[in-house]
Amino acid sequence: MWKKSSLKFQTTVFLLLGFFMIVCPSQAAQKKILTFEDVMRFKEIRNPVISVNGLWIAYATQPDRGDGEAVVHGLKNGAKFVVERGNRPQFTADAEWVAMIVRPKAVEMEKASRDKPKQAVAILETATGKVTQVEKVQSFELSDDSRWIAYLHHKEEEKPPKKEDTASAEKKSTEEKKRETKKTTGSLLILRRLETGKEKKISHVLAYSFDRSSRYLAFTVSSPEGNDDGLFCQDLTQDSLIQIPIAQQEGMKFSGLTWTEKGSLLAFLASSDEDTDGYFSLWIWDGKSKVKTQAARSETAPAGWMIPEKNQVSWSEDGKRLFFGFKPLEIHQATQEPEKKEEKQDPEESDFFDTQKILEKRELDVWHWNDPLIKTNDKIQWSRTKDRIYTAVYHVDSKRFVQLADRNLPEVDPSENPDFVLGRSNIPYRKEITWYGSLEDLYLVNVKDGKRQKVTTRLEDQASLSPGGSFVVYFYDKHWYLFDSKTEKTLNLTDKLDVPFSDEEHDYPEMAPSYRTAGWGKDDTFVLIYDKYDIWQFMTATGEAKNITGSKGRQNETTFRVLKLDREKQYFEIGERLLLSSYHNKKKNHGFNSLELGKGPVIPLLEENKKFQFRAKAKKADVLIYTRESFEEFPDLWVSDLEFSAPKKISLVNPQISEFAWGIPEIVEWHSLDGLPLQGVLIKPADYEKGSRCPVIVYFYHFFSQRMFEFNQMRVNHRPNFPFYTSNGYAVFLPDVWFDIGRPGYSATKCLVPGVQKLIDMGVADPKGIGLHGHSWSGYQTAFVITQTNIFSAAVAGAPVSNMTSAYSGIRWESGLARQMQYEKQQSRIGGSLWEYPERYIENSPVFFADRIQTPLLIQFGDEDGAVPWYQGIELYLAMRRLQKDCVFLQYRGEPHHLRKYPNKLDYSIKMKQYFDHYLKGMPAPDWIRKGVPYMGK
C-alpha cells in the first residue's frame with residue numbers, strides 16, 4: 001500500500017515538475033553556460049570599409065581561435081557574399097570589385113613548424129558574387145580607375161645551386177661573388193584586367209605601384225642572371241600594354257617607388273651595380289615626357305651624409321616638394337657587412353699568446369655614468385638608429401634639395417605646408433629621460449632654406465602646425481600657447497579662462513596632459529581645442545575664445561568630440577556641419593550630435609544606453625557606418641545617413657550570444673575611506689535572484705566604470721572573461737581607483753575595500769567568496785592590498801612588482817629604459833627618487849609586509865617579461881614561502897608581459913578559474929593547488 005501510494009506521489013511530482021519546466025522554464029534552463037570552447041568561437045569585426053558610393057560595405061571577422069571570413073554586404077540590393085578566411089577587404093572605386101587577402105587555415109598554420117602555408121588573394125565581383133582565388137600571393141594593389149589589380153606571388157622555393165668545378169669558381173671575380181651572395185631576386189607579378197580577366201605575367205618583380213591616374217604600373221625587376229634588372233612602367237592606356245624602360249642595368253637596385261597625387265611623376269631611389277657600398281641616388285621620372293631627372297646623389301650630399309636604400313620617400317599633395325632622407329655616413333659604414341676574409345691557419349699557432357689578437361674577440365659593453373643613454377636602451381635604439389633617416393626635401397621647381405633634419409634635430413615631420421615643417425629634438429634631454437620621461441625642444445623649420453626658429457623647450461605634450469604655416473599651437477604646464485611664425489611672439493590662449501585644459505583626472509606626479517586639439521580653421525583663422533567636456537574656438541588674430549558647445553558639456557558632465565568624416569581635409573570652415581560624439585561621464589552612455597560651426601547649438605541626433613563608435617563615412621555619399629554595443633550586445637555594424645534618421649543594423653556576427661547566460665550590469669556608487677565619491681560596474685550573474693548572495697571577482701586597474709556599456713572582448717587571455725564568469729555563477733565588479741601621489745598602494749586599498757563592503761551591504765556579495773584579480777599595475781595593487789586587508793578570500797596577481805626598492809633601478813627590457821622614471825614621474829606614482837623618499841618605496845612594497853598576508857595568492861609571470869622584471873614575482877614568492885604563506889607561482893616559459901602562446905593563455909585561464917572555484921565556491925582543489933607540480937626535466 002505504501003509503495004503504491006509512494007509511486008503515485010512520485011509520479012505526480014515528476015509530472016508537476018515537468019509541467020513547470022515547460023510552462024515556467026528558469027533562465028538557467030533556457031540559457032547555456034559559457035565554456036572556454038564557446039569563448040574561442042566568438043568572433044570580432046576587423047577592417048570594416050564602405051565603398052566610395054556608399055552602396056556596399058565589407059569587413060572581416062575573426063574568432064579568438066580558428067578561421068574567420070570576409071563578408072560583403074550590398075546596402076540597397078541586400079546582397080551578401082562570404083569569403084572563407086578573407087581578411088583586409090578593399091573596394092575598387094566603382095565598388096564593382098572587392099579584393100582581399102585569404103589567410104591559410106588556422107589548423108594548417110599550427111601544424112606547420114616550418115614552411116608555413118602561404119596566403120592567397122580573392123577577387124569578388126559584387127554584381128554576381130563570383131570569387132576568383134589565387135594561391136601564394138604576398139600582396140596586391142588596385143588601380144584607382146577600378147580596371148586593374150596587380151598581385152605579387154610568393155617566390156618559389158629555390159633549388160640549391162649546382163656545384164661548380166674548382167676552375168669555374170676560381171675564375172669568378174670578387175664582384176661577381178659579392179653579387180651572388182647579396183642579391184635578392186623578385187617573384188612573379190600578375191597584372192589582371194578585372195572586367196575581362198585577361199592577365200599579363202611579369203617575372204622577377206620586387207616592388208610595384210600604380211599611379212593615381214591609373215595610366216601606369218611601375219615595377220622593379222631583379223632577376224637571377226641580372227640581364228633583365230631595371231625599373232619599368234607598364235602603359236595601361238594601350239591595349240598592347242607597352243612596357244617602358246625607365247632605368248635598366250644589370251645588378252641595379254631600386255626602392256621607394258612613390259607617385260604624385262596628381263599627374264604621373266614617379267620618385268624612386270636607385271643604386272647602380274658599381275655602387276656596391278649601398279649609396280643611392282634620388283630620381284624623378286615624368287610619365288608625360290618620359291624623361292627622368294636625378295634629384296639628389298649620395299656623392300653630392302652634405303659632408304658626412306649619404307642617401308640609403310631604406311628610406312621614406314613622399315610627395316607633397318601639389319607635387320612640388322619631394323621628401324626623402326639622408327643617413328650619417330659613419331652609421332652607414334658601421335652597418336655594412338664586412339667582407340669575409342679567408343682565415344689561414346698558422347700551424348705554429350704563433351699568435352696564441354698575442355694579446356691584441358686575443359682582445360679582438362672580447363665581448364664587452366662599457367657603461368659610463370655620463371652616457372646619453374644607458375646601454376640597454378642604446379642597444380634597442382641602435383636597431384632603429386642604424387636605419388634612421390634624417391628628412392630632406394627636394395624642390396621640383398628650383399631643382400635643389402634642402403636638408404631639414406640632422407643629428408641635433410633628428411625628428412622632422414613632412415607636411416603639406418609650403419613654407420614650414422615642425423622639428424623636434426630630445427638630444428639635450430637624453431640623459432634626463434632615464435628618470436624624467438619624454439622631453440623635447442620644438443622648432444619651426446623653413447622648408448626653403450632649412451633655417452630654424454625655436455618655438456619652445458622641454459615640451460612634454462602635443463604641438464600642431466597650422467595648414468598655412470602661420471601658427472604653431474602647443475600645450476605646456478596647464479595652458480595652450482600660440483606661436484606666430486611671422487612675429488615669433490607667443491600668446492597664452494587659456495590663462496584667462498576659468499576652466500582647466502589639462503586632464504582633470506590625471507593623478508600622476510608628472511605634468512597633466514592636455515585633451516588635445518580638434519583641428520584648424522580655414523586660412524589659419526582659428527584653432528579648435530578640447531577641455532574635458534567642451535570644444536573651444538580660439539581666433540588666431542586676437543586670441544578670442546568661444547565655447548562652441550555652449551558649456552553644455554560641462555553643465556551636463558558630457559564630453560563632446562569632433563568626428564573627422566573626411567580625413568584628407570586639413571581644416572574646418574565657418575558654417576560647416578560637424579558630427580560630434582558624446583559621452584556622459586556619470587551615466588556612461590554615448591551618442592551622436594551635430595553642430596553648425598560658428599552658428600548653431602549642439603543638436604542631439606542619437607543617444608541610448610549604449611556605446612557608439614564611428615567607423616567610416618563613404619567618400620562620395622552621406623552614408624556612414626558605426627558600431628553599437630553594450631555588455632549584452634556585440635558591437636555589430638550599423639549604417640545610417642548623417643541625420644541618423646533610420647539607422648539599420650547590417651551585421652550579425654555572433655548570433656549564438658542569445659543562447660548563453662550572460663550577465664546584468666549596473667552602476668554602483670560609494671565613497672573611499674577618505675570620502676572620495678567613486679563609481680564602478682557590478683555585473684551580476686545571468687541567473688541572479690534578488691536577495692541571494694554570490695561569489696564576486698573584483699577586477700580593476702585605474703578607471704573601469706566607463707565599461708558599463710562596453711561589450712567584453714571574447715578572448716582567452718590573461719584577463720578574466722566577464723561573461724564567462726557571470727555565466728558560471730560569479731558576479732564581476734569593476735571599480736574605479738583614484739591614486740594619491742606617494743601612496744599608490746594604500747590608494748587602492750582605500751577605494752577597493754569600501755566598494756566591496758558596499759556589495760556585501762547590498763546583499764549581493766558572499767562575504768566569504770570575494771576574489772581580487774589584477775595584472776601588471778593592478779597586479780602590484782593586488783599584491784599590496786592583501787597586505788592591508790583580509791576581506792578577499794583569494795587573489796590572483798599577474799606580473800606584479802613586489803619590491804619597489806629593487807624594481808626602481810631595474811630595466812624595462814622591452815625598451816631598454818630604466819624603470820626610475822616610472823616611479824618618479826609616471827604610473828608607480830612615488831613622486832621622487834629612492835634617495836628623496838626611501839620610506840615611500842618601502843611603505844608601498846608588498847614584500848616588506850608579506851608577513852601580514854592571510855589571503856591565498858596566485859602569482860603569474862612570463863619569464864621573458866619586458867615590462868616588469870619577472871624576478872619581482874620570485875621575490876614575493878620566496879617571501880611567502882619563507883613565511884609559510886599559501887602561495888602558488890605560475891612561471892610561463894619564454895613568455896612576455898602578456899601571454900602570447902595559445903596553450904599558455906588557455907592554461908592560465910583554466911587555472912585562474914580553478915583557483916577561484918576552490919577558494920570562492922569551495923570546490924575541490926586540483927593537485928597543482930594542493931601539492932604543486934614536480935619538475936620532470938621539461
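Helix α18 covers residues 902-921, 20 residues in total. Helices here are DSSP runs of H or I with at least four residues, strands are runs of E with at least two, and both are numbered from the N terminus. The expected span of a helix is 1.5 Å times one less than its number of residues. The model is predicted, so local features are reported at pLDDT of at least 70 and side-chain atom pairs at pLDDT 80 or more, whereas totals for chains, interfaces and linings use all residues. Residues are numbered from 1 along each chain as its sequence is written, and side-chain values use heavy atoms, with hydrogens and water left out.

Helix α18 also takes part in the largest nonpolar core, which has 58 residues, and gives the most to this core, with seven residues. A nonpolar core is a set of buried Ala, Val, Leu, Ile, Met, Phe, Trp, Tyr and Cys residues joined through side-chain atoms within 4.5 Å; buried means under 20% relative accessible area, exposed over 50%, and partly exposed in between, with a 1.4 Å probe and protein chains only. The members that touch the most others are I57, W662, Y725, L734, Y915 and F916. A second, separate core of 56 residues includes V756, A795, L834 and I859. Contact is defined as heavy atoms within 4.5 Å. Leaving aside neighbours within four places in sequence, Y725 is in contact with I697, P720, Y730, V732, S909, M912, K913 and F916.

Y725 and F916 also belong to a cluster linked by ring pairs, together with F36, F724 and Y730. Rings of Phe, Tyr and Trp (its six-membered ring) pair if their centres lie within 6.5 Å; planes under 30 degrees apart count as stacked, over 60 as edge-to-face and the rest as tilted. The structure holds 47 aromatic pairs. In one of them, F324 and F401 have ring centres 6.5 Å apart and planes at 85°, so the pair is edge-to-face. This pair links distant parts of the chain, with F324 in strand β22 (residues 321-328) and F401 in strand β24 (residues 400-403), 77 residues apart. F324 counts as buried because its relative accessibility is 1%, whereas F401, at 24%, counts as partly exposed. F352 and F353 likewise form an edge-to-face pair, at 5.0 Å centre to centre and 85° between the planes. F352 counts as exposed at 54% relative accessibility, as does F353 at 73%.

Charged groups also sit over rings, a term that requires NZ of Lys or CZ of Arg within 6 Å of the ring centre and within 35 degrees of the ring normal. R193 lies over the face of W148, at 5.4 Å from the ring centre, and the charged end of R707 sits over the ring of F704, 5.0 Å from its centre.

Helix α12 (residues 744-761) reaches 26 Å from its first C-alpha to its last, close to the 26 Å expected. Of its 18 residues, 14 are buried, so α12 is largely enclosed by the rest of the structure. G763, whose phi is positive, near 85°, follows α12.

S222 lies in the loop between β13 (216-221) and β14 (230-235), and counts as buried at 6% relative accessibility. Contacts of S222 beyond four places in sequence include K183, T184, H204 and D229.
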